[in-house]
Amino acid sequence: MRRAKGAPSEAPLVVSGKSGNALHVHALEARAERLGLHQGQPLANARAMVRPLRVVPADEKADAALLENIADWCDRFTPLVTLDPPYGLYLDITGAAHLFGGEAAMLSLVTQKIGEQGLAVRGAIAGTSLAAHALARYAPRTITPPGGEAAAIAPLPIAALECGDKALRALRHAGLKTIGVVAARLHSELTERLGTNFVANLKVMLGAEEKPLTPRRPLPDLMAEQRFAEPIVTEDLIAASLLSLAQSLGGILERQGRGVRLLEAAFFRADGKVTRIAVKMGAPLRDPRVMLRLLRQRLDALADPLDPGFGFDVIRLEALLAQDIQPATSSFDSDENARAQIAFLVDRLSARFGEHRIQRFVPQDSHIPEAAGVAIPAQDRDFGEWSLKRQPGFMNGSGAPRRPLRLLEKPEEVQAIASVPDGPPRQFRWRRAQFDVARAEGPERIAMEWWKNAGLTRDYFRVETQDGQRFWLYRDGLYHQIGAPRWYLQGVFA
Amino acid sequence: MAELRHALAQYGLPPDRPSVMLGEPRLDAVLGGGLRPGALHEVFAGDWSASGFAALLALLAAQSSTAQSSTDRIRKSLFWVRPDYEAMEYGAVSPHGLAELGGDPNRLILVRTRNAADALSAANDILGCEHVGALLLEVEGAPKCLDLVASRRLAFAAGESGVTVVMLRGGADIEPSAALTRWQVSSARIENDDWGAPVFEAEIVRHRLGGLGRFLLQWDSEHGCFNTPDHGAVAAAPADRPAYAPCQRRAI
């Protein structure tokens, strides 16, 4: 597949590529080919043969991006699309061809649609990926019947094996010109001469073995899609289509006793652009109206709204992750209902603002104040496991908190004056304000994790200012360890 | 005529629900039995300690709504909504600190939003769910989106679902809003030797249902209520009449 470049101009066009330090012809127009140029030729030779010649440098990144876009577009035919760089795509159409009127009709539909977008395209259908690869290049529009790969590729030249220059030379030297002749030789001979890889590839090509393809995107557990003869544009129609898809997906989930945890809606625009929107749920879900509502929330929160352009011709709903719904022991009280309502609220908020913005706290096994609790997405954890038992000595008799309600994101350095070197501060300046300490509590000595070599030992003080505000300060390091330890303010008490 | 007057006085007020007892008897009396659930309460920060006071009000409201739910096995969550800016400026919520005050970090769900407008819309969503324990909403300054309409909407949503919302306002001037009560809170210091529980000086500066007053409150995390501290350094204002001229607070 080559990029068709713009409108024809007077001079034939070639794309130059660099290999080693020399420029060569990377790709060329049909007209240039008729003038005797060929791919891989040194650029200087090409310039000498044809004059004038238009040369543009190859942009491999753009080519790769284009291939990705085409692959996205091809998702409408089958969810199993694999890249075959630099110019190829594999579409696994097992079980999909009948949706498009059979293999022949599907092949011509795919090639025609891609051709309409201004691309030169060749395609073939075969039972194995390598056979299809060879046929698409050397005998396009071939459709092999099941088991007919060996016969179909037998007449192809040995170049179709794509086995590297060295092996090709060896084969030519032996007088083997087509794949059929090569395949007729004993495999043990070929292995000895050309290695096991060559024979393995040959077997795949002949349809005797299959090499698994890795699809670009994970295969959804379930999906439902709707195709439109006429692309749809209006929001009402899109919503109606999403609802009917959610209903059919919900029906399947119901029969299987499963629910969706990760839902993705894919909108295929008629001009090839594909927009995907994923929604994550805290608990498996199968109610279509709830699915629709979460999708809508997500759509409304998009930075650049869903642009139908000339309309969507395919809308697909995929359950990327489906899980069994544990049938809850149904009780007659409202517990279950309340829990479900809160879970749904969390899902809705997560769909709107992003899952990392709705958080629960999980305790960590660390004595370092800032590491003792981490916030994780609330969807991931139904309920924390915070033990409410206070640690001995955590509270003193007066009921004063030992830990501040607010921890600053990062401890802030303050200028503090202490009356005695190891004692609490008497005065400190923080955020350009002066605070006089009326009383202080401490120190509470917290050593860093020495096995991580993580810093100095901290002496924490709770201090109360003249007007009653309470702060949590620490001295970073001990006097006998470093000369002049700095003071930091880490938190504010209630 | 008297009926009409009564109906007008009740207009826009949240439906009657059992009040949230705050503990200090005089304060509860002024509030008419305690903090009214399913209503909007504004806490204006005089200094750093106000956030603790607001958190305690929300905790009490969440606990009380749990106690009143039909089954007490499900513990209701406290939602804490705050724009990212708040966390940068005023520090993140510390689960340990909350536990120290008597709250349950398991029941805390933190919603961090990009800005105040998002925070308000998240708050409206949360108030729509009656199984939420309470909501604490932090808003810094006076953002444009927080106008009278927005606060009316919050108050209405709270009244519909019965979820109490405490709005913590830092660095803001008092302005008209639909809040049922409005508090001005700063820290206080009492002169005694030991390092005791936190003390707040809380003043009710607006109350749509009656009394105002200034109170010195000490948090008792053991019993989960407010008390009068042993040695009051600040003279408490009379409970039966406003401590200040009320005219400017009758803005609405």
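Across the interface of chain A and chain B, five salt bridges are found. Keep in mind that this model is predicted. One of these links joins the side chains of Arg406(A) and Glu138(B), with 2.9 Å from N to O.

Which parts of chain A face chain B? The elements that give two or more residues to this side are α13 (335-353), β12 (358-363), β14 (406-418), β16 (433-446), β17 (458-465) and β18 (470-476) of chain A. The largest share comes from α13(A), with twelve residues. Now sort the residues on this side of chain A by kind. They divide into 29 nonpolar, 14 polar and 20 charged.

Next, take the interface as a whole. On chain A, 63 residues are in contact with chain B. On chain B, 66 residues are in contact with chain A. Together the two chains bury about 5700 Å² between them. Carbon and sulfur atoms give 55% of that area. Which three residues supply more of chain A's buried area than any other three? They are Arg357(A), Leu405(A) and Arg406(A), which supply 15% of the area that chain A buries against chain B.

Strand β14(A) is joined to strand β3 (residues 92-93) of chain B by two bridges. The two strands run antiparallel. Look for Arg406(A) here: its bridge partner in β3(B) is Val93(B).

Notes: Residues are numbered from 1 along each chain as its sequence is written. Chains are lettered from A and ligands numbered from 1 in the order in which they are written. This is a predicted model: local features need pLDDT of at least 70, side-chain atom pairs count only at pLDDT 80 or more; totals for chains, interfaces and linings use all residues. Side-chain values use heavy atoms; hydrogens and water are left out. Contact means heavy atoms within 4.5 Å. Buried area is the accessible area (1.4 Å probe) that two parts lose on being put together, summed over both. A salt bridge is a side-chain nitrogen of Lys or Arg within 4 Å of a carboxyl oxygen of Asp or Glu. Helices (H or I, at least four residues) and strands (E, at least two) are DSSP runs, numbered from the N terminus. Ala, Val, Leu, Ile, Met, Phe, Trp, Tyr, Cys and Pro count as nonpolar, Asp, Glu, Lys and Arg as charged, and the others, Gly among them, as polar. Two strands pair if DSSP finds at least two bridges between them.
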